[in-house]
Amino acid sequence: ACVRVCVYMLLAAAIPLGLSLSPPATSASALSTRDACLLFGALAEPLVHLDPEVGACCHSACSDCEWRLPDGGYRFDVLKATKPKWVPCYLRRDFGDERGCHEPRWASALFPGGGEVTRAQFGEALAGLGFEMPMGPRGSVGADGGMPESAADALWAWLAGDGDALTPEGARTRLQAMAEDPQAEGAVGEGPDHLVWKEFAKDAARGGRWSRRTSPRHRAG
């Protein structure tokens, strides 16, 4: 039995996220890769607002760009894609100019009044978000049948733990905890700005961060 488990772990580690191979759902494996994709497609969008201090930029990665960083990267004000690509990890960013204000879909839909919600309210709002195939997962996933209750349960467990209610700030903190570097300052010093598929789905197929037995440990602030 030990040999079989070890072989499976080696195979699973070698398979890129986005493929459908995953162990049967159990209490230690609460979310399939497909369900993770459905959640990501519901929460993600093709736009994120980053640094309002960045001025006009052609986004062409010019070598002499004034917004280039010492490590070769760039500071950006707004990022756009043709399909949902990022889950924004902020509640609202207002640039106060022609670039406008951005409130993530998940923040406005899951917390319409800006206050805390119950598990029932959360589930109803999550189902209403709809689904669009996002960038990141391989292949194509259909959302026939809507959002599985097991997926909603897993997301609530990660965001709220055993709590009876969830606040927008609590949800943001837990989404930021999924980032590759949860302690990153982000563009404006508020923590990680967004999640991509690889971060969101990390360990989903093997019941890692998405295990229902995982309880969140909210950071101060």
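The legends below describe close-up views of a predicted model. Residues are numbered from 1 along each chain as its sequence is written, and side-chain values use heavy atoms, with hydrogens and water left out. Local features need pLDDT of at least 70 and side-chain atom pairs count only at pLDDT 80 or more, whereas totals for chains, interfaces and linings use all residues.

View A. Helices are DSSP runs of H or I with at least four residues, strands are runs of E with at least two, and both are numbered from the N terminus. Helix H2 is largely enclosed by the rest of the structure, because 10 of its 11 residues are buried (under 20% relative accessible area, with exposed over 50% and partly exposed in between; 1.4 Å probe, protein chains only). Among the buried residues are Thr33, Asp35, Cys37, Phe40 and Leu43. The cover over them includes strand S3 (87-88), H3, helix H4 (119-128), H5, strand S8 (194-195) and helix H7 (197-200).

**View B. Leu43 in the largest nonpolar core.** A nonpolar core is a set of buried Ala, Val, Leu, Ile, Met, Phe, Trp, Tyr and Cys residues joined through side-chain atoms within 4.5 Å. The largest has 40 residues, of which Leu43, Trp106, Leu110, Phe122 and Leu126 touch the most other members. Elements giving two or more residues to this core are H2, H3, H4, H5, H6 and H7; the largest share, eight residues, comes from H5. Contact means heavy atoms within 4.5 Å. Not counting residues up to four places away in sequence, Leu43 touches partners including Trp86, Pro88, Leu129, Leu155 and Phe200.

View C. A cavity is a set of points on a 1 Å grid over the protein atoms alone where a 1.4 Å probe fits but cannot get out; lining residues have an atom within 4 Å of a point. Grid points are joined across faces, edges and corners, and a volume is the space filled by probe spheres set on the points. One cavity of 30 Å³ or more is counted, and the largest cavity has a volume of about 40 Å³. Its lining consists of Leu43, Trp106, Leu110, Phe111, Leu155, Leu159, Ala171 and Leu175. Helix H3 (105-110), helix H5 (149-160) and helix H6 (168-176) each give two or more residues to this lining.

**View D. Leu47 in strand S1 (residues 47-49).** Leu47 counts as partly exposed because its relative accessibility is 23%. The C-alpha atoms of Leu47 and Leu79 are separated by 5.7 Å, although the two residues are 32 residues apart along the chain.

Notes: On a 1 Å grid over the protein atoms alone, a cavity is a set of points where a 1.4 Å probe fits but cannot get out, and a pocket is an open set with protein on both sides within 12 Å along at least five of seven lines; lining residues have an atom within 4 Å of a point.
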